[in-house]
Amino acid sequence: MTSIFDDIRSAFTKGNNALHQLIFINVVVFAVLIILRTVMTLSGSGGMFAYLMTFLSMPSNLQLFAFRFWTIITYFFTHLEFFHILFNMLNLYWFGMLIREYLGDKRLVNLYVLGGLAGGLIYLISYNTIPYLQLRAEGSFMMGASGSVIAIMVAAATLLPNYTFNLILIGPIRIKYIALVMVLLSISGATGGNAGGNIAHLGGAILGFFYVRQLQSGSDLGRPLQAFLGFFRGIFQRRSPLKVAYKNPNRPYTTSASSSMTGTSNIPGNPSQLEIDQILDKISVSGYESLTKEEKQKLFKASQK
C-alpha cells in the first residue's frame, strides 16, 4: 500500500508529465467511484450513491447547476463505465502525446480543461434553448472526459493534419481523417440516446480547432487558465527559505553569471536565429523526425513570428 501512495506522490512531484497526470487523475477517480458504488450497492445504499453522483456529473437544469456550479469541472474527470474511460484514455494518450511533444505540457492542460469547459457550456446552452433537447432535459446529467479528449484530437489534427497513425485492421491513416470521423459521429449522435455527450464533443472540437489557429497566429487562449493555475501553485508550493549571499571581492565573476545578464537565447520559448538555423540544418541532414521535443517546440515558436 505504501508503494501505491509513493506512486501517487511521484506522479505529481517528479518531472512534469501533464499527460500522465491527467490520465492518473481520471483513473484514480474512476477506481474510487467503482469501489464506492460496489460497497454502497451491496449495503443497500445504491440510491444514495446515485444521489452522490449528481454532485460530480453536470446537470442540464440551470437552477440545479447554479447550486452545483463546480460540476462543469468535475464532470470531465468522472467515469463510471469501463469502456467509456478506456477509449477516452487511449485517445487522450495517443493524441495527447502529439500535443505534448509539439506544444508542451501547459498547452496540453489548456486544451483538456478548456475543451471540457467548452463542452459543458455547449451542453448547458443546448439543453435550455433547443426544443428537441428541452423535451429531454428532465433528469439529464453528463459525465466523462470526451469533450476534453476530442478537443485534443482536433487540436492535434489541426496542428499536424498529415501525421499518420497505424490502426489495427485499417492500416496507416492520417489523423485529420480520424478527427473528421469523430466529429461526424458526434453530429449524427446529437439526436440519439447520448445527445448531451455528443453535443459536448462538438463544443470540445470547436475549441480544439480555434485554440491551435489562435496559437498559430500568436495568441494563446490558455494564458488566463495558466495564470489561474499558477496562482494556486504559488499558494500551495513550499517556498525555500531566503538565502543572503555576500559577494567576495577576491572572487572573480563567473562566465555563467555574466551570460545570465546579457544572453537571451536561453530564455524558454524565445529561440535565437542561430538556434533556428542549427535546427534547420539538422532537418536538412537527418529529417524532421530527428528533432528533439525541445527543438520542435522552438521551431513552432519561431513559426509564430
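Here are a few questions and answers about this predicted model.

Reader: How do helices α2 and α6 run relative to each other, parallel or antiparallel?

Author: Helix α2 covers residues 18-42 and helix α6 covers residues 82-103, and they pack at an angle of about 170 degrees with their axes 9 Å apart. Angles over 145 degrees count as roughly antiparallel. So α2 and α6 are roughly antiparallel.

Reader: Which residues have the most contacts inside the largest nonpolar core?

Author: That core has 58 residues. Elements giving two or more residues to it include α2, α6 and α7. Tyr112 is one of the residues with the most contacts inside the core, and leaving aside neighbours within four places in sequence, Tyr112 touches Leu22, Leu92 and Ile152, among others.

Reader: Which residue in the turn between β3 and β4 has a positive phi?

Author: Strands β3 (residues 164-167) and β4 (residues 171-174) run antiparallel and are joined by four bridges, with Leu167 partnered to Gly171. The two strands form a hairpin with three residues between them. In that turn, the residue with a positive phi, about 70 degrees, is Leu169.

Note on methods:
Residues numbered from 1 in each chain as written. Predicted model: local features only at pLDDT ≥ 70, side-chain atom pairs only at ≥ 80, totals over all residues. Heavy atoms only, no water. Axes fitted to C-alpha atoms, helices over the stretch in contact; angles between N-to-C directions. Parallel < 35°, antiparallel > 145°, perpendicular 65-115°, else oblique. Pairing = 2+ DSSP bridges. Core = buried A, V, L, I, M, F, W, Y, C linked by side-chain atoms within 4.5 Å. Buried < 20%, exposed > 50% of the residue type's maximum accessible area, 1.4 Å probe, protein only. Contact = heavy atoms within 4.5 Å.
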